[in-house]
Amino acid sequence: MGIIAWILIGLLAGFIAKALMPGKDPGGIVITVLIGVAGGLLGGFLGKVIFGVDSIDGFFDLSTWIAAIIGSVILLALYRLVTSNKRHHSHA
């Protein structure tokens with residue numbers, strides 16, 4: 001898949017991850033897209049390592065979207081964990 005497809009998948013996967021995990025996040029649309037793109041890659045990597053499947057087959061494959069969304073949710077949770085720790089420690 002090309003870079004434009006990854007950005008589009010990342011954008012949508014990031015929005016879906018944010019909808020699944022509502023809350024206030026620092027950043028904005030750029031962070032959402034970056035988390036989505038990185039989440040898609042993470043999801044594809046984990047699918048290959050854990051299940052031995054190539055979960056990033058094509059733009060219209062369901063496995064691509066599931067991998068991107070799961071990866072995005074994981075990264076969004078990690079992002080919130082890291083940024084919330086920084087906010088709590090900076091006030092000390």
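**Figure 1. Overview of the protein.** Of the 92 residues in the protein, 33% are buried, where buried denotes a relative accessible area under 20%, exposed denotes over 50%, and partly exposed denotes values in between (1.4 Å probe, protein chains only). This is a predicted model, in which local features need pLDDT of at least 70 and side-chain atom pairs count only at pLDDT 80 or more, while totals for chains, interfaces and linings use all residues. Residues are numbered from 1 along each chain as its sequence is written, and side-chain values use heavy atoms, with hydrogens and water left out. The secondary structure consists of 3 helices and 0 strands; helices (H or I, at least four residues) and strands (E, at least two) are DSSP runs, numbered from the N terminus. Read from the N terminus, the order of elements is α-α-α. The protein exposes about 5700 Å², of which carbon and sulfur atoms supply 75%; accessible areas come from the Shrake-Rupley method with a 1.4 Å probe, and for residues only the protein chains shown count as cover. Among contacts with a separation of 6 or more, 68% join residues 24 or more positions apart, a contact being heavy atoms within 4.5 Å.

**Figure 2. The largest nonpolar core of the protein.** Ile-9, Ala-13, Trp-65, Ala-68 and Ile-69 make up this core of 5 residues. The elements that contribute two or more residues to this core are H1 and H3, and the largest share, 3 residues, comes from H3. A nonpolar core is a set of buried Ala, Val, Leu, Ile, Met, Phe, Trp, Tyr and Cys residues joined through side-chain atoms within 4.5 Å. In soluble globular proteins, nonpolar side chains tend to be buried together. When residues up to four places away in sequence are not counted, Ile-69 touches Ala-13, Ile-16 and Leu-20.

**Figure 3. A nonpolar patch on the surface.** Leu-8, Leu-12, Phe-15, Ile-16, Leu-20, Ile-29, Val-30 and Leu-34 form the patch, and together they have about 730 Å² of accessible area. Helix H1 (3–20) and helix H2 (29–51) are the elements that give two or more residues to the patch. Helix H1 gives the most, with 5 residues. Patches are made of residues with over 30% relative accessible area and no salt bridge, like charges being joined within 9 Å and nonpolar side chains (Val, Leu, Ile, Met, Phe, Trp, Tyr) within 5 Å. A salt bridge is a side-chain nitrogen of Lys or Arg within 4 Å of a carboxyl oxygen of Asp or Glu. Phe-15, a member of the patch, is found in helix H1 and counts as partly exposed because its relative accessibility is 40%.

**Figure 4. The surroundings of Ser-72.** Ser-72 is placed in helix H3 (residues 62–90). With a relative accessible area of 0%, Ser-72 is buried. Apart from neighbours within four places in sequence, Ser-72 is in contact with Ala-13, Gly-14, Ala-17, Ile-35, Gly-36, Gly-39 and Gly-40.

Figure 5. Gly-44 counts as buried because its relative accessibility is 9%, and Gly-47 counts as buried at 8%. For Gly-47 and Gly-71, 24 residues apart in sequence, the C-alpha to C-alpha distance is 9.7 Å.

Figure 6. Ile-7 belongs to helix H1 and is partly exposed, with a relative accessible area of 40%. Apart from neighbours within four places in sequence, Ile-7 is in contact with Val-33 and Val-37. The C-alpha atoms of Ile-7 and Gly-36 are 8.1 Å apart, and these residues are 29 residues apart along the chain.

Figure 7. Lys-18 lies in helix H1 and counts as partly exposed, at 26% relative accessibility. Lys-18 and Leu-76 are 58 residues apart in sequence, and their C-alpha atoms are 7.7 Å apart in space. Arg-80, in helix H3, counts as buried because its relative accessibility is 18%. A polar atom of the Arg-80 side chain lies 2.4 Å from the backbone oxygen of Met-21.

Definitions and conventions: A polar contact is a pair of N or O atoms within 3.5 Å; within protein, one must be able to donate a hydrogen and the other to accept it, and residues adjacent in sequence count only if both atoms are side-chain atoms.
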